[in-house]
Structures are given as C-alpha cells and as structure tokens.
Amino acid sequence: MNFKKWWKKARRGIKYPILVFLIKSFVLVVRLVPRKAVLAFCRAVGQLAFTMARSNRKKTVNNLSHIYGNKLSQVEIKDLARSVFVHQAMNFGDYIKTLHCTTREGFAGIIDIEGEEHLKAAYEQGRGVICLMSHTGSWEFSAIILPVMGYSTSALSRPLPNPRIDKLIVEARQRRGMKNISRGKAYPKLIDAINSGDCLIIMIDQDTTAPSVFVDFLGRRAYTPVGAARLALDTKAPVVPMFMRRKADNTHQFTILPPVDLIDTGDRENDLLENTRVYSNIISDFIDKYPDQWVWMHERWKTTPESQKLFVEKLEAKKRAEKERLLKEGHK
C-alpha cells in the first residue's frame, strides 16, 4: 500500500469515529432542548442552506419551474423552493428530537394518524401489505411510525457510504421495531417479508438504477421503479398508499389511503407499466397538494428515454466486447 492510500485510510479511520461522536453529542443536546427551540434553529439552518447550497438550490428551482412555471411567478417559485429547504431542515430536527421515542404514545403529541382503518383491514387479511410511500414530509417518520403503531414492518434501504453512520440509522429504526433489508439481490427477502404478513415499505418517487418504466409524474415523463407493481403482482398483497406531511402548527399528519385495485390482466409487461402508472399518479396528486413537502432537489427527471436507450446500447456493446474477448482467449 502506497503512502497516499495509507493516509487516506488512516484519515477515514480517525474522521469517522469523531463524526459519530459529534452526531451522538448533537443528539443528546437536541434531546435536552425544547422542541420549539430546535425547530426555530432548524428553520434558520434551512434558510441558510437555501442561500449557501447553490447546486441543490438550482436543481430545486429548476424542477419547480418545469412543473409550475405556467402557474407561478419566479418569485413564488423561489419562495416555494426556500420552503422546501426549511421543511427538510425542520424534519431533520424532529427526527433527531424523537430518536429516543419508541412507543405510539411518545409520538402522539406530534403525529396525527388519519385512515388507519384502511391499513388495519388490509393487515388483518394476513397476506402482508405493500406500503406505498414517498419522500414527502418527514419520510423517516413515515417509515418508523408503522412499527411504532404495532404493525410488523420491514423496509428496503440503501446503505450509506459511511458504515458507522449507516449503523446508527439502522439501529435507530430497529429500536422502533423496523426490520431492515439492505439492497442487493433483496427481492426474495422482500417476498418473504410480505408472505410472513409484514407491512413492507417501498418508495418509487425517485430516479434510481432499479428496473423502471417511463410514466407520468407531476405532468412529465419520469423513469419510475416497478418494484411496487412487481411485488403486488407476485404476492397479490394489497397496496396501501400512505403519506406524511408537516402541518402549519408543526405537527405531522400521517394519512393512510384505501388500498389500490391491482391491474392483473396476465400481460405482465403491460401490467407492470399500468400499475406503476396508477401508483405514480397517486403520489403525484399528493405532492401537487403539498409541493413544499417533497424533495425537489432530487434529479427526478434525470433519466430520459434517449439517455436510457444510449445506456442500454453501451451496455450491450460492452457485453459483446467481453464475449468476443473470452472467445479469443479460448482459441489461444
């Protein structure tokens, strides 16, 4: 190992433990401070982030302009973008403030639950429940509130680059009863979780590398994961949409909608597309009602049909080249 690589590894070994210590210390301090003060501080941080985070601010304003440019002035769009940053910061503050809460009673003062009868009826069927969520409001609250409410719950998550911080987050979820499933050949585990009767949390409102299709999202074609539709078709478990949002009084509203009818015609490719289209429309409708609650800094429309076609062509060319290389080596 050369010195540069050694120093980089050594630096990481020093930095990560210090970072974890600072995070734990911050959590302790926040827990001792009144929630009102924490939210006021986070609001200021969100305002500052909007000013300083130039790249994310630009993405947020651009995305909002593409969707609402014909309805809102640029001043209104900028104000809406600022609200997005403020909401994200305040949601983080609430998340840190409630890390010690593990019971329904512990969240009763800040989270109102609406429509639980829909989830309860689906859950009691014993076939598992596919919980269709999105990155609206405090999505971390969306994930942990189900096990806190008493429902056996699993969730798929992508590990963070920093394993120590990732461990902190996973442990925080597990303390609330969440069963964490890491990405990477996880589909059989997702099926097992549903078949065991669990609520399975899945989000399809971001542009990812997962198998996806192009459907309408807030009026624009977006590359949307088919995971929820695939699971529904394979398990016949009910799909129940649910969303978290911050209200004007800084409490949170967790809204659970009735199950969505499954489209199952036997044409699997088309069924994946049509079910995903329905799910995307439900999420879009909720975001459109509360646009300041969603993560507009995400590059939701990054993948286009043209870029996806080019990606597939490059991938196929790479496979052909590798196959030819192996054939040549076999002749030697």
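Mentor: Let's start with a term: helices (H or I, at least four residues) and strands (E, at least two) are DSSP runs, numbered from the N terminus. This is a predicted model, in which local features need pLDDT of at least 70 and side-chain atom pairs count only at pLDDT 80 or more, while totals for chains, interfaces and linings use all residues. Residues are numbered from 1 along each chain as its sequence is written, and side-chain values use heavy atoms, with hydrogens and water left out.

Trainee: Thanks! Where is Leu 218 found?

Mentor: Look in the loop between β6 (212–217) and β7 (220–225), which is where Leu 218 sits. As a general idea, most residues other than glycine have a negative phi. Leu 218, though not a glycine, has a positive phi of about 60°. Asn 250, in the loop between β8 and β9, also has a positive phi, near 70°, without being a glycine.

Trainee: Is Leu 218 buried or exposed?

Mentor: The words have cut-offs: buried means under 20% relative accessible area, exposed over 50%, and partly exposed in between (1.4 Å probe, protein chains only). Leu 218 counts as buried because its relative accessibility is 12%.

Trainee: How do I read burial along a helix, and which residues of α9 are buried?

Mentor: An α-helix has 3.6 residues a turn, so residues three or four places apart point the same way. In α9 the buried residues are Tyr 187, Leu 190, Ile 191, Ala 193 and Ile 194. Seen down the axis of α9, they fall within an arc of 160° (the arc of the directions from the helix axis to the C-beta atoms), so they line one face of the helix. Turned away from that buried side is a face with the exposed residues Pro 188, Lys 189 and Asp 192.

Trainee: Can we follow one of those buried residues? What is the relative accessibility of Ile 191?

Mentor: Ile 191 has a value of 16%, so this residue counts as buried. Helix α9 covers residues 187–195. Between the C-alpha atoms of Ile 191 and Thr 235 there are 7.2 Å in space, although the two are 44 residues apart in sequence.

Trainee: And which residues of α6 are buried?

Mentor: In helix α6 (residues 116–123) they are Glu 116, Leu 119 and Ala 122. They lie on the same side of α6, because their arc around the axis is only 130°.

Trainee: Now salt bridges. How many does the count give?

Mentor: Side chains of opposite charge can pair when their charged atoms come close. The rule here asks for a side-chain nitrogen of Lys or Arg within 4 Å of a carboxyl oxygen of Asp or Glu, and the count comes to 10. One of them joins Asp 79 and Arg 82, whose closest N and O atoms are 3.1 Å apart. Both lie in helix α4 (residues 74–97), 3 residues apart, about one turn of the helix. Asp 79 is partly exposed at 39%, and Arg 82 is partly exposed at 24%.

Trainee: Which parts of the chain does the salt bridge of Arg 246 and Asp 94 tie together?

Mentor: The side chains of Arg 246 and Asp 94 meet at 2.9 Å, N to O. Arg 246 belongs to strand β8 (residues 239–246) and Asp 94 to helix α4, so the pair ties together parts that are 152 residues apart in sequence.

Asp 112 is partly exposed, with a relative accessible area of 34%.
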